[in-house]
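This report describes part of a protein model. Please consult the sequence and the structure shown below while reading.

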Amino acid sequence: DGCVLPNGNMLLTLHKSDAYPGGAVIEVTRDHKVVFEYKGTQAEVNTAQRLPDGRTLLTEAGERPRLLEVDAAGRIQVEIPLQCTAKNPHLQSRMARKLPDGHYLVPQDRLVRELDATGKVVWEYKAPASKLDNRTFCALRNAAGHTLISLTIGNQLVEVDAEGKVVWELRQGELADAPLTR
């Protein structure tokens with residue numbers, strides 16, 4: 001996960017390494033200076049979203065999967081334990097996003113869950129069964145209240161309404177000369 005911030009810096013999620021055994025989120029300038037760092041404390045870090053108030057949203061996967069908001073100094077300001085169906089840390093959370101109403105969209109294994117500010121599940125979407133074992137990766141909410149979900153393995157995008165009904169989809173092979181595969 002990552003993005004270019006309005007100031008031109010990059011906000012990046014880093015895979016675990018010798019320097020970051022639990023993964024990390026960093027903000028790096030164009031001249032490669034790290035100006036923000038949060039070192040993960042578990043198996044991996046899967047999310048990096050800079051919030052309007054300057055905090056950074058991230059998820060940690062491992063023994064205690066959790067969603068965090070950290071301040072500019074890397075201090076935890078919000079911590080929400082994640083209920084996970086998967087024991088594999090790599091499937092416990094993917095690219096989570098905070099919504100304008102304070103809720104969170106959290107892709108987890110074959111689900112997307114919307115959590116309120118206390119961590120209560122208020123909406124859930126289960127990926128359709130597939131020969132290719134669809135897994136949710138990213139979920140974004142649009143102005144119409146629909147949720148666009150990317151499904152890995154099956155290489156598919158679905159847009160679902162508040163009831164979880166698919167209102168639009170794009171499957172592998174439907175775009176000429178533009179495969180959805182990795």
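Strands β1 and β2 (residues 10-14) pair in the antiparallel sense over 3 bridges; two strands pair if DSSP finds at least two bridges between them. Strands are DSSP runs (E, at least two residues), numbered from the N terminus.

The model is predicted, and local features need pLDDT of at least 70, side-chain atom pairs count only at pLDDT 80 or more, and totals for chains, interfaces and linings use all residues. Residues are numbered from 1 along each chain as its sequence is written, and side-chain values use heavy atoms, with hydrogens and water left out.

An open sheet of 4 strands runs in the order β1-β2-β3-β4, with antiparallel pairing. Because β1 (2-4) and β4 (34-39) stand at the edges with a single partner strand each, one side of each is left without a neighbour in the sheet. From one strand to the next, the twist averages 15°.

Residue E60 belongs to strand β7 (residues 56-61). Because its relative accessibility is 0%, E60 counts as buried (under 20% relative accessible area, with a 1.4 Å probe and protein chains only). The side chain of E60 makes the polar contacts tabulated here (pairs of N or O atoms within 3.5 Å, one able to donate a hydrogen and the other to accept it; residues adjacent in sequence count only if both atoms are side-chain atoms).

| Side chains in polar contact | Distance |
|---|---|
| E60 and Y38 | 3.2 Å |
| E60 and Q42 | 3.3 Å |

Leaving aside neighbours within four places in sequence, E60 is in contact (heavy atoms within 4.5 Å) with residues including K39, G40, V45, P65 and L68.

Technical notes. Buried < 20%, exposed > 50% of the residue type's maximum accessible area, 1.4 Å probe, protein only. Axes fitted to C-alpha atoms, helices over the stretch in contact; angles between N-to-C directions.
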